[in-house]
Amino acid sequence: MAPLDKKDLAKYPFLRESQAYIGTVISSLEEFLKSPKGRIAVHEAMQTLENALSFNEKNPPSLPEIPADAYEIPYFIAVYPVSRILVSCAQDRALIDRLVRYQSWLFYSYLQKEDPGVEIIIRREIGLPEGGNSIPVIDYVPIASRLGEDHWRLINRVVVRGQVQVNPLEYDRVIRERLRYVMAQQLPLKVPSRICDLVKPAVERIQAAWQKRILEEFGSVEESAFPPCIQAILQAIAGNGHLTHMARFAVTAFLHNIGMDTTHIVELYGNTPHFDLRKTMYQVEHISGRGGTGNDYTSPLCATMKTHGICVHPDSTCGRINHPLSYYKIKKKEKKQNGKDTKTGRDTSADLRQDDPGPSQSGGHSPDSVAPGADDRNKDEKRSKISGMARQEFRKDENKSE
Ligand code: SF4
């Protein structure tokens with residue numbers, strides 16, 4: 001099997017070989033982050049996170065250019081761990097999901113044009129069999145739980161001697177989801193507070209960008225755009241109805257995901273029997289990641305809602321989505337478009353399907369198609385300028401130390 005060259009290490013920075021390689025160049029993380037090169041790596045990691053926040057698979061950015069100069073490669077690789085440090089210090093599960101969703105798309109896109117020898121190494125590294133189109137049940141289950149469509153459910157698969165059979169066309173999706181699973185599993189990292197302090201300004205900027213993104217995606221809370229399941233749970237709350245733990249979790253995570261603040265969510269529970277403010281506050285803060293756990297949850301997939309008996313009164317829009325957040329986004333866009341299109345009479349439903357980027361990873365909504373290299377010129381130009389500047393800075397810094 002051909003060994004990996006430095007460009008391969010740059011393309012797949014999550015590999016053990018890649019991390020070992022930068023370890024030969026960067027001996028102390030703290031010293032690195034304080035150095036000019038480290039500051040550039042933080043800057044580039046923020047760029048990665050901005051790409052992750054705006055990532056839309058149906059209109060993807062072009063793939064970052066792998067440096068031609070071997071000198072730059074360790075610093076290019078360093079952007080990967082630094083981006084993971086930033087989201088870990090931010091302690092926001094949804095931000096982590098965005099990063100992992102973007103990076104798994106990125107690495108998978110490289111992999112599609114890859115030499116078979118390298119693909120085998122990647123498969124092995126992420127715990128998949130080197131060849132063939134089957135996968136052990138134990139590894140299949142966490143992947144399938146993120147894939148909303150019924151045909152991925154274990155009950156609908158052929159299993160032979162503990163191996164789930166997956167056809168060759170589906171296997172690409174398995175590789176990608178596995179990449180996502182493996183990368184997400186290790187996050188958040190346990191980052192020492194002195195390291196988080198060093199990158200605090202960058203973390204704060206990315207948190208602000210994320211907050212802005214949530215507001216842009218979901219806008220003001222519009223109850224009439226809530227999916228039927230969420231409306232039914234809210235009615236049950238208002239009517240003092242008994243709620244299961246899952247129903248409470250689903251509605252709380254949903255309201256948090258669309259940007260409702262903790263106090264408003266807690267107020268909604270004020271009418272429920274045996275309302276306990278302190279306990280409710282604790283639970284809501286826990287789900288929204290403000291309770292110091294660093295876990296902020298995404299509301300469950302429709303498939304999970306069905307399993308728990310809280311998918312009620314599904315309507316025609318439900319047939320087009322696999323996540324309540326997607327329903328909400330579609331409905332909000334429709335309402336906006338209806339306002340505009342009463343003038344033109346144009347049917348916008350196809351546009352809405354195209355535009356919907358789906359919720360973040362925990363929601364498990366992940367469109368199949370991968371089309372790297374689509375046109376997104378302004379963003380690409382900006383990125384190549386930043387990368388070019390970064391390279392010049394690396395060079396300057398190197399010349400100084402020579
Ligand atoms: S299909 Fe999804 S969005 Fe629609 S009611 Fe069921 S769980 Fe809610």
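Analyst: Val-118 sits in helix α7, residues 116-125 (helices are DSSP runs of H or I of at least four residues, strands are E runs of at least two, and both are numbered from the N terminus). Keep in mind that this is a predicted model: local features need pLDDT of at least 70, side-chain atom pairs count only at pLDDT 80 or more, and totals for chains, interfaces and linings use all residues. Residues are numbered from 1 along each chain as its sequence is written.

Is Val-118 buried or exposed? Val-118 is buried, because 20 other C-beta atoms lie within 10 Å (buried takes 20 or more other C-beta atoms within 10 Å of the residue's own, exposed 12 or fewer, partly exposed anything in between, with C-beta atoms placed from the backbone). Skipping neighbours within four places in sequence, Val-118 is in contact with Leu-4 and Asp-8 (contact means C-beta atoms, placed from the backbone, within 7 Å).

Of the contacts with a separation of 6 or more, 79% are between residues 24 or more positions apart. Buried residues make up 38% of the 402 residues, and the secondary structure comes to 19 helices and 3 strands.

Tyr-297 is in the loop between α15 (277-287) and α16, and Tyr-297 counts as buried because 21 other C-beta atoms lie within 10 Å. Phe-218, in helix α11 (residues 200-218), has 18 other C-beta atoms within 10 Å, so Phe-218 is partly exposed. Beyond the residues within four places in sequence, Phe-218 is in contact with Ile-258 and Gly-259. From Phe-218 to Lys-333, it's 9.6 Å C-alpha to C-alpha, across 115 residues of sequence.

Now the 3 strands: they form an open antiparallel sheet in the order β1-β3-β2 (two strands pair if DSSP finds at least two bridges between them). The edges are β1 (134-136) and β2 (159-160), each pairing on one side only. Helix α8 (residues 137-144) packs on this sheet and touches β1, β2 and β3, its direction making about 100° with that of β1 (axes are lines fitted to C-alpha atoms, for helices over the stretch in contact, and angles between N-to-C directions run from 0 to 180 degrees). The antiparallel β2 and β3 (residues 163-165) are joined by 2 bridges, with Val-159 partnering Val-164 of β3.

Between β2 and β3 there's a loop that holds Arg-161. Arg-161 is no glycine, but its phi is positive, about 45°, and with 7 C-beta neighbours inside 10 Å it counts as exposed. For context, most residues other than glycine have a negative phi, and most peptide bonds are trans. His-313, in the loop between α16 and α17, also has a positive phi, near 50°; with 10 C-beta neighbours inside 10 Å, His-313 counts as exposed. As for peptide bonds, the one joining Leu-187 and Pro-188 is cis, with omega about 0°, and Pro-188 is in the loop between α9 (168-185) and α10 (193-198).

Last stop, the ligand. Among the residues around it are Cys-229, Cys-302, Met-305, Cys-311, Cys-318 and Tyr-327 (near means a C-beta atom, placed from the backbone, within 6 Å). Helices α12, α16 (302-307) and α17 (324-341) each give two or more residues to this shell. The shell divides into 10 nonpolar, no polar and no charged residues (Ala, Val, Leu, Ile, Met, Phe, Trp, Tyr, Cys and Pro count as nonpolar, Asp, Glu, Lys and Arg as charged, the others, Gly among them, as polar).

In α12 (residues 228-238), Cys-229, Ile-230 and Ile-233 are buried. Down the axis of α12 those buried residues fall within an arc of 95°, so they line one face of the helix (the arc covers directions from the helix axis to the C-beta atoms). Gln-235 and Ala-238 are exposed on the other side of α12, and Asn-240, which follows α12, has a positive phi near 65°.

Technical notes. Two residues are in contact if their C-beta atoms, placed from the backbone, lie within 7 Å.
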